[in-house]
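Let us walk through a protein model together, starting where two chains touch and then moving into one of them. Keep the 3D view open and turn it as you read.

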Amino acid sequence: MSLETRVYQKERTIKFATLLKASLGDMYHSRFLARQLAERDIKAQYRQSYLGVIWAFVTPLATAAVWIFLSSSGTVSLSDTGVPYPVYVFSGTLIWSIIVASINSPMQSTQAAKGILTKINFPKEALLLSGIYKLLFDSSIKIVLLVLFVFMYGVGFHWSLLLFPIAMLGAILFGTTLGLFITPMGLLYKDISKIIAFGMQFLMYVTPVVYAIPKTGIMKTLMSWNPITPIVLTARDLVVGFTPEYLNYFCVVMAVCIPLLFLGLIIYRISIPIIVERLSA
Amino acid sequence: MSENKPNTIEKEVLVKVEGLSKKFCKDLKTSLWYGVKDLLSGVRGSSEERELRPKEFWAIKDINFELKRGECLGLIGHNGAGKSTLLKILNGLINPDAGKVTIKGRVGALIELGAGFNPILSGRENIYNNGAILGFSRKDIDAKLDKIIAFAELEEFIDMPVQHYSSGMKVRLGFAVAAQMEPDVLIVDEVLAVGDLGFVLKCFKTIDTILPNTAIIFVSHNMPMVSRICNQIILMEHGCTQFQGQDVGKAIDLYYTRFSNNENSVVYDDGVLVLEEINILDSNLKKKKEPTLKWKEDLQFYFRFKIIEKLKQPPTFKIIIFDIEQRPVAVFEENTETSNILYTDSSIEFIITHRQVQLTKGIYSINLLVANGPIASPILRLNDVIKFQVFHEKDIWSPFLLSSEFSIPK
């Protein structure tokens, strides 16, 4: 009968590789817990609300509606995108909302679990995983709506639409990686989450979410270098059936994200005890 | 015929703590800044000795102990002594600043019973949640679901949202889930203070059942409980170990001593008498150095009053004994006309004796009431004139431990 042995001491005598294995192992073992936490939060969110699930996509829908109106009424003149504008805008805001949600997810999930973090020992990766489950739930609702839009505006079905979930997963990967790095500091200082919320609003304007990349000028440079650009563009191109032009950049971003994700997981794992003692709960 | 061999299987050490220390910061903003610095050094991995930075203090310093399966360690101390911090480190929630903790086996903690309960969901859904947090899989919980509901006695309300549960119901549900866990190491933090008598009895029964297979660490302020369950004890004082060993009784005595103080209060004073001296005496009628005595020793007090105003008749003295929880437990017989009291023009002196006092272990205080006249109207009332402590091995809830003799009827 072998018993699991745990050693707690101040020096981190474990190497990165062991930590990473432990982190991924814990994430795998905590699938049930993560699902429970996600189910619990989703149910609690929608149980007391009449409109319920609609709130999941109200923001991207509203932003899209505003821009469609601005464009069709001639208040703002935008370059031709090759696709019916409502589909263009809505697919953009949808992917953008998924990216923003996945950046905020690690920090929000950890913040919400303050109560149990300070009292019970459980694999913390379950919090991250439950955040991802919630993201997937919300995103699947949004995809249904997007597909509706696609058919409503006559873009029609393209085989590449089936690859769209991959782009979405890429978006989630990117957002989660970023989110993991800001979580430790973000839990200590509230400024960080405010800066992120603030910053993301600006960032939306240097990403081809509601308008296309201009042919020349400083915006072209900014938007071309922006790592979020290929994610948004690839996703949209897959939906409407164009060949994704930024595919190379997209693959580069994804390839860079994976080791960074692992690093983020290790940092998260190391920093949780340090943060738990400073948290007030 | 083989003789009875003693059980020589060496019980393994499940919890080993060596030189454990932890510091905290007093000020919030500084604490957050130190948090940032700790994050950086945590990621980089430094192995320097940690000293106290400004505004920090040692919450626990240099704690050492070992715990085997079947042993129960009691952790007692004043509020703020560091007990909960020690438990959090044992539970893996925070990192130590020095020293090492080695724990084998599954750890169960009853630190807060409602942890993880979401008020909007029903009791049944929360059982699955709580069980998942404690490390059970869905299959495990399915198998134990009925036992948990039966233990908590919540069959009727299990599908009602938890926000409508009374606090007793919540506590029963939380304990039911944790109790089914069958851990190797169980950590209990003052959770038994909440809950009605039925719940407390159930907890005791559960702890008794699992004790042979578990190492238990028990934190409480309830000394009779500690005395009953624990076979090892650590008394903490401001983060350090004040007493450690197997003599649970002695540690509890030390704990009580810390809280005794010598303030008295005047409730009523006619100005007729002044209490000048009161002492507790030993068997040679000399003043005791420490106001302590053993169970079944003679309890003797010396009183001396100064007379301010002459009294027409001798007053009656009523001496009442209160225990540490301010319950009156005994009163001395009052004096009569034939009692031996020395009256002079300016003073009253006497020694009052009770043979072989059988008060249980604890700290007691004396209230004094002096009355006079045909209807015994009070002329002097003082509370807390002296405190004394009775020593005995066992801490018992009742105020008296009566010596008893057993004999067989003819």
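Begin at the place where the chains meet: 44 residues of chain B and 38 residues of chain A take part in the contact. Here, two residues are in contact if their C-beta atoms, placed from the backbone, lie within 7 Å. On the side of chain B that touches chain A, the elements giving two or more residues are α1 (28–44), β4 (98–104), β5 (107–110) and α3 (123–134) of chain B. Of these, α1(B) gives the most, with eight residues. By type, this side of chain B divides into 20 nonpolar, 16 polar and eight charged residues. In this count Ala, Val, Leu, Ile, Met, Phe, Trp, Tyr, Cys and Pro are nonpolar, Asp, Glu, Lys and Arg are charged, and the others, Gly among them, are polar.

Before going on, a word on the model and its labels. This is a predicted model, in which local features need pLDDT of at least 70 and side-chain atom pairs count only at pLDDT 80 or more, while totals for chains, interfaces and linings use all residues. Residues are numbered from 1 along each chain as its sequence is written, and chains are lettered from A and ligands numbered from 1 in the order in which they are written.

Now look for a strand of chain A beside one of chain B. Strand β1 (residues 5–9) of chain A runs antiparallel to β4(B), and five bridges join them. You can find A:Val7 opposite B:Thr102 in β4(B). Two strands pair if DSSP finds at least two bridges between them.

Next, step into chain B itself, which has eight helices and 19 strands. Both kinds of element are DSSP runs numbered from the N terminus: helices are H or I with at least four residues, strands E with at least two. Strand β14 (residues 316–323) and strand β18 (residues 362–372) of chain B are antiparallel and joined by eight bridges, with B:Ile321 opposite B:Ile366 in β18(B). On to strand β19 (residues 377–391) of chain B: 10 bridges link this strand to β18(B), again antiparallel. B:Asn372 has B:Ser377 in β19(B) as its bridge partner. The hairpin of β18(B) and β19(B) has four residues between the strands, and there B:Gly373 takes a positive phi near 90°.

Finally, zoom out. The C-alpha atoms of chain B fill a box of roughly 85 × 70 × 60 Å, taken along the principal axes.
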